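Please open the model in your viewer and keep the selection panel at hand.

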Amino acid sequence: MPSMKDLQGRDRPTWCPGCGDHGVLNAVKLAMVNYNIEPHQLLIVTGIGCGSKLPQYMWVNGLHTLHGRDIPIATGAKLANHKLYVMTVSGDGNTYGMGLSHLLHAARRNINITSVVQNNQVYGLTKGQYSPTSETGTVTKTSPPPAGAIEQPVRPLALALIAGATFVARGFAKDPRYLADIIGKALMHRGYALIDVLQPCVTFNRVNTYDWYSERVYKVEEQPGGYDPTDFAAALEKAQEWGDRIPIGILYQVERPTYEDHLPAIREQSLVELGVHRDMAELERLKREFM
């Protein structure tokens, strides 16, 4: 079983002091400890953005890709070795902007990967432009007053549900232990899992702060009457609840066959276990043909 110390990376985070990414990093490591996931068993694929630096700061397999392209890369890795835990970690600009179509297709295919999206409602790495999840009227460098952002914000959890995701949840960076439990359950889930994380940007978003969220978030399982995460209609209602009250927790979880379950060639064995003949000369010829 790994310990938090075992998962400590050699590089120190360059995130701003107080950034919500610190809480997400601790939650990912804690989930690995709690669910006994060794570093060699997990691959974290990232795109571009502050949060996409996460695997650089822990001892784990990491693959840094292009902006918005982490989900298709993760899909390929999972199909090549579906016995590997595969997770994407990135921000709202990366996943709900450039990468949104990849998220929707992963959800409808029920690719067996987990996406953790640090949602701070701005492009933090490029100094605070409004993002796909910024509320209408948000004033930034690229959405000046008096109108601010003129677009309707993306509601990612509702989109994922409609697309067919089988695990949809929301966490809060201020509560890494609760978030770690959600991440662990998502990694154990067979199918596509989306975890939207309320992750304050302390430098460029002075509205959606830790205090702002703390006054509003509540855990769905603690509401009067309890909560049934298999109820699609209830999940869709919770996914659209935003403002004075914001639900966190596992909003929806059901089982249905994954994408690889439909592929006889890899249903029982991953491609890496099939002993596919590798003609290195032919691979070299193909590589040169496309270079």
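The stops below begin with the overall fold and then turn to salt bridges.

Start with the whole protein chain, which is a predicted model, and colour it by secondary structure to bring out ten helices and ten strands. The C-alpha atoms fill a box of roughly 60 × 45 × 40 Å along the principal axes, and the radius of gyration of 19 Å agrees with the value near 19 Å for a compact globule of 291 residues. Of these 291 residues, 49% count as buried.

Next, select the charged side chains, of which 29 are positive and 29 negative, the centres of the two sets lying 5 Å apart; the salt bridges come to twelve.

Now select Asp261 and Arg190, whose side chains meet in a salt bridge with an N to O distance of 3.1 Å. Asp261 sits in the loop between β10 (246–253) and α9 (264–267), and Arg190 in the loop between α6 (176–188) and β8 (193–198), so the pair ties together parts that are 71 residues apart in sequence.

Move to Arg216 and Glu215, a salt bridge with its closest N and O atoms 3.5 Å apart.

Finally, select helix α10 (residues 280–289), where Arg285 and Glu289 lie four residues apart, about one turn of the helix. Salt bridges with shared partners also join Lys238, Glu241 and Arg245 into one network. The side chains of Arg285 and Glu289 meet in a salt bridge of 3.2 Å, N to O.

Key: Residues numbered from 1 in each chain as written. Predicted model: local features only at pLDDT ≥ 70, side-chain atom pairs only at ≥ 80, totals over all residues. Heavy atoms only, no water. Helix = DSSP H or I, 4+ residues; strand = E, 2+ residues; numbered from the N terminus. Rg over C-alpha atoms; globule rule 2.2 N^0.38 Å. Buried < 20%, exposed > 50% of the residue type's maximum accessible area, 1.4 Å probe, protein only. Lys, Arg positive; Asp, Glu negative; His and termini not counted. Charge placed at Lys NZ, Arg CZ, Asp CG, Glu CD. Salt bridge = Lys/Arg side-chain N within 4 Å of Asp/Glu carboxyl O.
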